[in-house]
Amino acid sequence: MKPAPFAYADPGSIDEVLELLAEHGDDAVVLAGGQSLVPDLNFRRIRPRLVIDLRRVTGLSGVTLAGDAVVAGAGCGVLDLAAAHPASGVAEAVSCIGHPQIRCRSTVGGTVALAEPAAELPAVVLGLDGVVTVRSTTGERELSASEWFVGRRQSARRTDELVTEVRLAVPTGVSGWAEVSRRPNDLPIVGLFAARCSDGWRVALAGVAETPVRSTACEAALDVDPGGIDAAVAAMVAELDPPSDVLVSAAHRRSIAASLLRRVLAPVVTEAAA
């Protein structure tokens, strides 16, 4: 397959990108790493009139540690984020993203903007109280991860806005990621991130709903008893309402989630209690 015809723009600054988005709106798409956009174009799942390439745009790269948070420019590679973020769970999640060729090209902003509910990074962003910054010609907004992810491949970004940076909290304790997929490097059927933060546990899941989700019941159980894995698993399973599809049933997804939580918490809880 080849994409439907489109115009191509190669701007050199954020302001140029914002002007193009303001002018073309729904007819334009932004190309960052392209690991999801290019297949969508080739299979004609989307047919934009304009593709805006960010490869020459300055001001979107870099990862910095700002107090108790890591700030990643939207153009930052996911591998750069993994190398810079102190949480081991972030590196574990990034190591599961696609094949090496995909990981080398994937960007933080592109992955967050795509909002794929089964992907690794959106769940991590939600679990680490992520904040997504977007800009348009009319101003700048900051949205929490809980506000950002609104549906399957749907975010709160307006068509005239560009993701410019993503901020993630740094856990005060240990963290971990685990997933199950049909084949290595496929999107996970279920993925799970857990971390101990300054105000309690965070548990976020991928592949169990139309968006990444937090298991607040599981978090509450761990806050009461960090060693109570059985209670945490029971609380999470009771809270989940995953879909059934051609891959697995809803019951199987709950079972996978329970196994992943045990796998992640076994070393995490042991280290946290030490």
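**Pockets and a parallel sheet**

The second largest pocket has a volume of about 250 Å³. A pocket here is an open set of points on a 1 Å grid over the protein atoms alone, where a 1.4 Å probe fits, with protein on both sides within 12 Å along at least five of seven lines. Volume is the space filled by probe spheres set on the points. The model is predicted: local features need pLDDT of at least 70, side-chain atom pairs count only at pLDDT 80 or more, and totals for chains, interfaces and linings use all residues. Residues are numbered from 1 along each chain, and side-chain values use heavy atoms, without hydrogens and water.

Fourteen residues line this second pocket, with A32, L54, R55, G75 and T107 nearest its centre. Lining residues have an atom within 4 Å of a point. Seven are nonpolar, four polar and three charged.

The largest pocket holds about 1400 Å³. Its lining comprises 50 residues; S36, L37, G110, A113 and L114 lie nearest the centre. By class, 24 are nonpolar, 16 polar and 10 charged. Helix α6 contributes the most, five residues.

Three strands form an open parallel sheet, ordered β1-β3-β2. Strands are DSSP runs of E of at least two residues, helices runs of H or I of at least four; two strands pair if DSSP finds at least two bridges between them. β1 (7-9) and β2 (28-31) are the edge strands. β1 pairs with β3 (residues 50-53) over three bridges. Y8 stands opposite V51 in β3.

Conventions:
Nonpolar A, V, L, I, M, F, W, Y, C, P; charged D, E, K, R; others polar.
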